[in-house]
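Student: Could we go through this structure together and check what each label rests on?
Tutor: Gladly; let us set each value against its definition.

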Amino acid sequence: MSSPFPSCPPPRPVEGECRPPAPDGLACSLTVPGAPYSAQIARGAVRAVLHTYRLGPLTPAAVQVTGELIAATWHLEPGRSLYLSVRYREDALRLSVYDGHAPHSHPRLAAHCEARRRAGLRVMAAVVRDCGGAWGFGESREPGGGTRTWATLPHAGAAGYLRCQGSGRP
């Protein structure tokens, strides 16, 4: 029995549809559980996203920074979801992690918490410094509050991150 409705024609291919996306369009977000394995999930996602956007040379530095960001924030607030944001703008990769750990109002508690966060991010800070980038943290402007920890990796610095390690060359 034939249908009274005509079948839909197949969609026409869109010009340029099969080309990889431009790096400047990279805007990706991911929520992971506040668990020990979340760093592995986040590193794999960042690796895949950078490959897709033709930013493969940034992968070693970006994957290291991502793992450190997720691991450090997980230790501060275990069990709560972590939100990772990956953006590429103005020739730099920006990685941000939002956690639910709200800033403390008492100055001593705030100083202790800041010192604990900085200590947990020492390796990340070294990678960001080696890449010529910047990092920091502060109160999240997201509706749920918490803390936003971020790192910016300039393309040139991140692309050369492991290239000359141990070779004695700049």
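Student: What makes Glu90 exposed or buried?
Tutor: Its relative accessible area is 79%. Exposed means over 50%, buried under 20%, and partly exposed in between, with a 1.4 Å probe and protein chains only. Glu90 is therefore called exposed. Please keep in mind that this is a predicted model, in which local features need pLDDT of at least 70, side-chain atom pairs count only at pLDDT 80 or more, and totals for chains, interfaces and linings use all residues. Residues are numbered from 1 along each chain as its sequence is written, and side-chain values use heavy atoms, with hydrogens and water left out.

Student: Where does Glu90 lie?
Tutor: Glu90 sits in the loop between strand S2 (82-89) and strand S3 (92-99). Although Glu90 is not a glycine, its phi is positive, about 50°. Asp91 is found in that loop between S2 and S3 as well, and its phi, near 65°, is another positive value in a residue other than glycine.

Student: What are the labels for Cys28 and Cys131, and why?
Tutor: Cys28 has a relative accessible area of 26%, so it falls in the partly exposed class. Cys131, at 4% relative accessibility, counts as buried. Over the chain of 170 residues, 38% count as buried.

Student: How many helices and strands does the chain have?
Tutor: There are five helices and five strands. Both are DSSP runs numbered from the N terminus: helices are H or I with at least four residues, strands are E with at least two. Read from the N terminus, the order is β-α-α-β-β-α-α-β-β-α.

Student: Why are H1 and H2 called roughly antiparallel?
Tutor: The axes of helix H1 (residues 38-52) and H2 cross at roughly 150° and come within 8 Å. Axes are lines fitted to C-alpha atoms, for helices over the stretch in contact, and angles run from 0 to 180 degrees between N-to-C directions. Angles over 145 degrees count as roughly antiparallel, under 35 as roughly parallel, 65 to 115 as roughly perpendicular and the rest as oblique. H1 and H2 are therefore roughly antiparallel.

Student: Which residues of H1 and H2 meet?
Tutor: Ser38, Ala39, Ala42, Arg43, Val46, Arg47 and Leu50 of H1 meet Thr59, Ala62, Val63, Thr66, Gly67 and Ile70 of H2, where contact means heavy atoms within 4.5 Å.

Student: What makes H2 and H4 roughly antiparallel?
Tutor: Helix H2 (residues 59-76) packs against helix H4 (residues 122-130) at about 155°, with the axes 9 Å apart. That angle falls in the class over 145 degrees, so H2 and H4 are roughly antiparallel to each other. On the H2 side the contact is made by Ala61, Gln64, Val65, Glu68 and Leu69, and on the H4 side by Val123, Met124, Val127 and Val128. By class there are seven nonpolar residues, one polar and one charged. Here Ala, Val, Leu, Ile, Met, Phe, Trp, Tyr, Cys and Pro count as nonpolar, Asp, Glu, Lys and Arg as charged, and the others, Gly among them, as polar.
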